[in-house]
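This report goes through one protein chain, from its overall contacts down to single residues. The sequence and structure come first.

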Amino acid sequence: MLNYDVVVVGCGPAGSAAALRAAKAGKKVLAIERGPEPGSKNVSGAMIRKDYVSSVFGDGLPFEREVQRIKLSLYNGDSPVDIEFSPENLVTTGEAKI
């Protein structure tokens with residue numbers, strides 16, 4: 001039987017970061033990804049903190065674009081409330097480009 005300290009299911013940005021951190025901490029890690037390469041099933045268009053992800057993986061990661069403004073619209077019956085702000089160090093990710 002194989003023994004691991006950590007099993008990570010899914011190797012998108014969060015899973016890859018978790019697996020890398022655990023491995024750097026000396027843990028025996030098994031990372032499982034159902035796609036042909038890590039992150040290939042990541043089609044969420046997620047927004048992530050560029051400075052944090054870069055601190056884990058280093059510079060040069062293929063982010064799609066920096067987020068300039070976020071607008072959230074909240075609805076309660078007929079009266080919407082809009083919240084707008086400009087985040088710092090936020091970038092989008094998307095489906096892996098092969």
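## Contacts and overall layout

Among contacts between residues at least 6 apart in sequence, 50% join residues at least 24 apart. The model is a predicted one.

The chain holds two helices and seven strands. Read from the N terminus, the elements follow the order β-α-β-β-α-β-β-β-β. Of the 98 residues, 22% count as buried. The accessible surface of the chain is about 7300 Å², and carbon and sulfur atoms account for 53% of that area.

## Salt bridges

How many salt bridges does a search of the whole structure find? The search finds two.

One of them pairs Glu-84 with Arg-69, with 4.0 Å between the closest N and O atoms. Glu-84 belongs to strand S6, while Arg-69 sits in the loop between strand S4 (65–66) and strand S5 (70–76), so this pair ties together parts of the chain that are 15 residues apart in sequence. Glu-84 has a relative accessibility of 47% and therefore counts as partly exposed. Arg-69, at 59%, counts as exposed, the cut-off for that class being over 50%.

Asp-82 forms a salt bridge with Lys-71, and here the closest N and O atoms are 3.8 Å apart. Asp-82 lies in strand S6 and Lys-71 in strand S5, so the bridge ties together parts that are eleven residues apart in sequence. Lys-71 is partly exposed, with a relative accessibility of 49%.

## Surroundings of Asp-82

Strand S6, which contains Asp-82, spans residues 79–85. The C-alpha atoms of Asp-82 and Lys-71 are 6.8 Å apart in space. Asp-82 is partly exposed because its relative accessible area is 45%, and that class lies between the 20% and 50% cut-offs.

Which residues does Asp-82 contact, leaving aside neighbours within four places in sequence? They are Lys-71, Leu-72 and Ser-73. With Ser-73, the side chain of Asp-82 also makes a polar contact of 2.7 Å.

Thr-92 is part of strand S7, which covers residues 90–92. Is Thr-92 buried or exposed? Its relative accessibility is 12%, so Thr-92 counts as buried; the cut-off for that class is under 20%.

Not counting residues up to four places away in sequence, Thr-92 touches Ala-46, Met-47, Phe-63, Glu-64, Arg-65 and Val-67.

With a relative accessible area of 31%, Tyr-4 is partly exposed.

Arg-34 is placed in the loop between strand S2 (29–32) and strand S3 (47–49). At 75% relative accessibility, Arg-34 counts as exposed.

How values were computed:
Residues are numbered from 1 along each chain as its sequence is written. This is a predicted model: local features need pLDDT of at least 70, side-chain atom pairs count only at pLDDT 80 or more; totals for chains, interfaces and linings use all residues. Side-chain values use heavy atoms; hydrogens and water are left out. Helices (H or I, at least four residues) and strands (E, at least two) are DSSP runs, numbered from the N terminus. Contact means heavy atoms within 4.5 Å. A polar contact is a pair of N or O atoms within 3.5 Å; within protein, one must be able to donate a hydrogen and the other to accept it, and residues adjacent in sequence count only if both atoms are side-chain atoms. Buried means under 20% relative accessible area, exposed over 50%, partly exposed in between (1.4 Å probe, protein chains only). A salt bridge is a side-chain nitrogen of Lys or Arg within 4 Å of a carboxyl oxygen of Asp or Glu. Accessible areas come from the Shrake-Rupley method with a 1.4 Å probe; for residues, only the protein chains shown count as cover.
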